[in-house]
Amino acid sequence: MNIMLSLLCLMALPAGEAVHHVVIVLDDSGSMGDALTSDPDTTKLKIAKNALALALKDIPEGSKIGLCLLNGQYDPDQRRTIRWWIPFGRVNKFQADQRIRSLKTNGGTPLGSAIKEGCNQLLEAKKTDLYGTYRLLIITDGEATGEEEVEKVNNYIPDIMSRGFITIDVIGLDMAQDHTLSQKVHNYINATDEMSLVSGIKSAFFDTFDSSEVNFSDPKFSKEYELIKALPDELAFGAIESLNDSGNYPVGQKPQEGSNVGFVIVLMIILALAFCLLAFLFLAIP
Amino acid sequence: MNRMAVLLVLLFACNANAQNIADKLGPVTPGPVDDKRPIQVPYFTWGGDVAAFMANGNSLRTKPDSIYGMLGLDLKFVAGDNVLEQTRRYLSGESPYWRGTLYTANQLLEIMSASEDTTPVCIMCLGWSLGDYVVATEDIKTMSDLKGATVIYHSGRHIGLLSNVLKNANLDWSDIELIEVDDLTGENGVAETFRKAVAEGKKTAACVITPDMIGITSGINEKGSGAEGTVRGAHVLDAARSDANVWLVRSDYLRDHRNNVEKLVAGCLQTVETLQKIRNNYEEGDNSGTFKGLGEKYRNVLRHAQVVFGKNTLPTLEVDAHALMLDTEFVGIYGQAGFFENYVDEITNPQWDYRRIAKIADIPYDVETNVDSESIYSFTVKFEPNDTKFNENQYALNFKRAFQASSGDTTILVEGHSDTLLVLTEIIKLGMKNRMLTKDSEEETYRLRGLVITKELLDEAIKFGKFDGDEEYNPRRRMQDAVILSQSRAEAVAKAITNYASSRNVDFDESKLKVIGVGVSRPLIARPINAAESRKNMRVEVKVIRVKK
């Protein structure tokens, strides 16, 4: 069961803790400057800018948002090229709108690197904001360029998906066929014009969730209780705590296993050696 | 009439809203407290007072082996529903204690403070009453329809309530035909008089307590059908302002017998803990379909309440007596300090040392670790699996109380939760699929990589990614779904609270609302063993919390 909640309902609420954490990875490659198939008078980037600006207006107050570009652009204020066109955090909607409107096209499609950077930002946020939603929204008109970037995408997406708490949405913009990511992420939309793009971006801000509680009308539901019968309360609670506190190591890395098991084995070896030494001394000394 | 008595009447008459009370009270001569044993303590026909009976050994007169008896007290509980009568007894010294609502206490404060000795000190909040109601015939649809109606009430218990209702309806006492009855309940009580007036074809309303409200209308959101004693078309016109129920004591008695007053409070707080537990066990067992009866302890308590309040008021233990108990929102030891800080302005505060009281009562009191120590008021909204909808009407009184409690420096924390079952089963399923976990069929336990599973080993395995999900099983994904579900539940409750405020023109600062969904992180039961236990986790907790300046 997939349940969709109304964005309007969320907006009616006052700002509280940061509930929504969204990183938008936007393709700013050269091809985004091409004319749109359905409307040759405009470009893909132009409708992307319009759609983002419109969507921003409806984002719930207090959300933390960031706009990460594939290539990055020169920022005259900072006098350098930056990838985080809107730094991740609570945004000033007016300033964000201005930033979006100043975007230009530039470069190739280093999709893997941008996904990693955007996602790591969400993982970092999860360390302090334990709850809420975490979404990575990718808007692109093409596949990753270069073998290295393709490999990165192929490695990073399953890694992110396995962590569980980040939802990945992809909007393929004016693509002749579905993006290869379409089968690998949570949600995929193919947008062909400004309206469908706006609708796609907005739908990415709707919270959707699968059933997380057992359905008592399911005749087999009691089997689920049988499964956890042998799990002591302390372990059950500990497992929940551990799941909540973990999984936020950077994309593409695995935490080093400084295992307790290893420690126990080393300790046992040391104890065994000490025992042998004592036994030797006991036997050797008359 | 002596000078003091004249002064009392004059002082009270200054308060226009309480004119009727002053007239009815008449002259009273304050006197010294009669401290011969047993000491009289007035009670109300209300569930909160049952905690004090329980401390007294389920008896009006203290039993030697009861909590109060063991503390060396000798008390006699006497009917106090007629507040005017008990105020006379209080002033004359017949009883050092006064029992009533905080609203009435404030109205009577001047008259009770006639001398230094009689000046009242508020010693305890027994709890909040959720159930004083105005019921009305079908032709009274709004408060303004009360104009010209016959209104029946018990002045001792409900004069404050009725004066408030009239004020809100912009009506004067002269706009209604008032019938005052001497008995709150029973054959000559408010409900019976209401039925007689209706039979005479009068447009009628009445101020009643919960059992009578149920007897007349069938329930808060129901309409009487005419069957089983209900009045056809009768309905609840207003779920009256809930009020704090308090004990006051005379200053002279507190000064001379502080230890005994402290024991009265401690004993009651001790039974509040127990009574809440046995009441909630019965209620939750009943609701979850695992009904196992009242249990001996609870049955004894309710049976005694039935004896004291009368079988006419509480015909059955399981429904009527239990409903009277549900009407009470107890304030335990952790809520007492917050109550005094937030509600008691005019009346003197005894400045109890609650650590000392907890010691007398033999109950835990650790404000450092108790999360609820800063909580002024809280309630829980229950949900069905995966559902974010709930019956808002069912919680209307709770919303009202939350607004009342949220005055001052407070935050209303709305915290959503969901059940842990599927997250845990996902861990087990993934672990077994990856062969990280095996089940020892003989010992009925799980092993992790062949080792006896411990919290530390499991923690390490999870943290090092051994339980990161795959396409089939993903515990963290399930956990994230639970976070969103709980957030949605919390937002639904927050929205209902704001809707309630705007629909009733309640002046409410929405920025006080903090809404959060914590998923499965703070379950009431970490490892549920059946549907009833899972349901306990499917909830939203609303807490009004004091914010430190």
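**Cysteines and salt bridges: worked exercises**

A:Cys119 counts as buried, at 1% relative accessibility, where buried means under 20% relative accessible area, exposed over 50%, and partly exposed in between (1.4 Å probe, protein chains only). The model is predicted, so that local features need pLDDT of at least 70 and side-chain atom pairs count only at pLDDT 80 or more, while totals for chains, interfaces and linings use all residues. Residues are numbered from 1 along each chain as its sequence is written, chains are lettered from A in the order in which they are written, and side-chain values use heavy atoms, with hydrogens and water left out.

**Exercise 1.** Determine how many disulfides the whole structure holds, and explain why B:Cys125 is too far from the closest cysteine sulfur for a bond.

*Solution.* Begin with the criterion, a pair of cysteine sulfur atoms within 2.5 Å. Applied to the whole structure, the search finds 0 disulfides over all chains. For B:Cys125, the closest cysteine sulfur belongs to B:Cys122 and lies 7.4 Å away, which is too far for a bond. B:Cys125 is also buried, its relative accessibility being 0%.

**Exercise 2.** Locate the two partners of the salt bridge between A:Asp75 and A:Arg99, and decide whether A:Asp75 is buried or exposed.

*Solution.* A salt bridge requires a side-chain nitrogen of Lys or Arg within 4 Å of a carboxyl oxygen of Asp or Glu, and the side chains of A:Asp75 and A:Arg99 meet at 3.5 Å, N to O. The pair links distant parts of the chain, 24 residues apart, with A:Asp75 in strand S5 (residues 64–75) and A:Arg99 in helix H3 (residues 93–101) of chain A; helices (H or I, at least four residues) and strands (E, at least two) are DSSP runs, numbered from the N terminus. A:Asp75 counts as buried, at 2% relative accessibility.

**Exercise 3.** Identify the helices joined by the salt bridge of B:Lys455 with A:Glu241.

*Solution.* The closest N and O atoms of B:Lys455 and A:Glu241 are 4.0 Å apart. This pair crosses between chains, from helix H18 (residues 455–463) of chain B, which holds B:Lys455, to helix H8 (residues 233–245) of chain A, which holds A:Glu241. B:Lys455 is partly exposed at 31% relative accessible area, and A:Glu241 is partly exposed at 35%.

**Exercise 4.** State how many salt bridges are counted over all chains, and name the residues linked with A:Glu148 in a network.

*Solution.* The count over all chains comes to 35 salt bridges. In the network, A:Glu148 is linked with A:Glu149 and A:Lys152.
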